[in-house]
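Dear colleague,

I am passing on the structure below for your own work. My notes on it follow directly after.

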Amino acid sequence: VLEIHSDLLDGGSSLEEAAPDSRLIARVTPQRGSFDLKVMVRPLRGGTKSFFPGEGDRIIYDTSGGKRYQVKRDVKQETQALHNLDAVLEDVREGTMTIGLEHFLTLPQAGRNWSWSGRRESP
């Protein structure tokens, strides 16, 4: 199968387009007395690529379930979700950040209060 991406194609690609997943993912790793937190989105549900919300390519190509897809990210929704989380954690930034127990305990509540349907991952 030949995969083609071009502005000349209707939709920009020969791949099937999948709906974007704009939910925030909070990857939490326990440390001694604190937690490392990395916030990201994985635009294709079940895909492998992840980005800091609102950053990176607006159109991505990724694989899920052994099939390749084109995804047009909803950057506006990602950015709004990040803004909502930032209201709780203050100064959420790209990369791994260290948070204390008091901020860690706010993550489940933040996921219930806003429409971003946050997901926590741990190694």
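The accessible surface of the protein chain (Shrake-Rupley method, 1.4 Å probe) comes to about 7,500 Å², and carbon and sulfur atoms account for 49% of that surface. This is a predicted model, in which local features need pLDDT of at least 70 and side-chain atom pairs count only at pLDDT 80 or more, while totals for chains, interfaces and linings use all residues. Residues are numbered from 1 along each chain as its sequence is written, and side-chain values use heavy atoms, with hydrogens and water left out.

The protein chain has 3 helices and 7 strands, taken as DSSP runs (H or I, at least four residues, for helices; E, at least two, for strands) and numbered from the N terminus; along the sequence they follow the pattern β-β-β-β-β-α-β-α-α-β. Of the 123 residues, 37% count as buried, that is, under 20% relative accessible area with a 1.4 Å probe, protein chains only.

I99 lies in strand β6 (residues 96-99) and counts as buried because its relative accessibility is 6%. Beyond its neighbours within four places in sequence, I99 is in contact (heavy atoms within 4.5 Å) with S34, F35, L37 and F104; I99 and L37 are 62 residues apart in sequence, yet 6.9 Å apart in space, C-alpha to C-alpha.

Conventions: Buried < 20%, exposed > 50% of the residue type's maximum accessible area, 1.4 Å probe, protein only.
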